[in-house]
Amino acid sequence: MHEWALAKSVIDTILNIEEGDDIATIIEVVVGIGELQDIAEDIFKEAVDDIKLNTPLKNVKFTYEIIPAVLKCNNCGHEWLYRDSVDKLTDEEKENIHFIPETVHIYIHCPVCNSVDFDAIKGRGVFIEEIRKTH
Ligand SMILES: [Zn+2]
């Protein structure tokens, strides 16, 4: 699965941003995971823990934050939380979206103008939220 590739790119990104002595001062890295990112969290965390052992980041603590998805209507410009729409769905509908993400436009529409023409402007991907250091 792509969890390992994602974990490797997270580690590589940190090693690219930070250099030399700075790496030794890192105590914690907060990794943001977009709510819509299709990822097995457990496998991803395991992969990070495994890959970091062979890098200067081996003693760094990794914590994870789920970033809520934000949808934006292309018709009226309204922005709303993906979660607010999902809360109104039945369990079956939620399941359909989970397995076939493209069906999201069948079940969710803009709460203001009813348009199904919207995009996720936040909530995809995996990225470095924060790098905490000793000083
Ligand atoms: Zn709208």
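Trainee: Which residues of α3 are buried?

Mentor: This is a predicted model. A residue counts as buried if 20 or more other C-beta atoms lie within 10 Å of its own. In α3, the residues that qualify are F44, A47, V48 and K52.

Trainee: Why do the buried residues lie on the same side of α3?

Mentor: Take F44, A47, V48 and K52, the buried residues of α3. They sit on the same side of α3 because they cover an arc around the axis of only 120°.

Trainee: What do the buried residues of α3 pack against?

Mentor: Start with the helix itself: α3 covers residues 41–52. Its buried residues pack against two elements, α1 (3–17) and β2 (61–67).

Trainee: Which element supplies the largest share of the largest nonpolar core?

Mentor: That core has 13 residues, and A7, V10, I11 and V48 have the most contacts inside it. At least two residues each come from α1, β1 (26–34) and α3. The largest share is five residues, and its source is α1.

Trainee: Which residues does V10 touch, leaving out those up to four places away in sequence?

Mentor: V10 is among the residues with the most contacts inside the largest nonpolar core. Contact here means C-beta atoms within 7 Å. With sequence neighbours up to four places away not counted, V10 touches V31, V48, V126 and I128.

Key: Residues are numbered from 1 along each chain as its sequence is written. This is a predicted model: local features need pLDDT of at least 70, side-chain atom pairs count only at pLDDT 80 or more; totals for chains, interfaces and linings use all residues. Helices (H or I, at least four residues) and strands (E, at least two) are DSSP runs, numbered from the N terminus. The expected span of a helix is 1.5 Å times one less than its number of residues. A residue is buried if 20 or more other C-beta atoms lie within 10 Å of its own, exposed if 12 or fewer, and partly exposed in between; C-beta atoms are placed from the backbone. The arc is that of the directions from the helix axis to the C-beta atoms. A nonpolar core is a set of buried Ala, Val, Leu, Ile, Met, Phe, Trp, Tyr and Cys residues joined through C-beta atoms within 7 Å.
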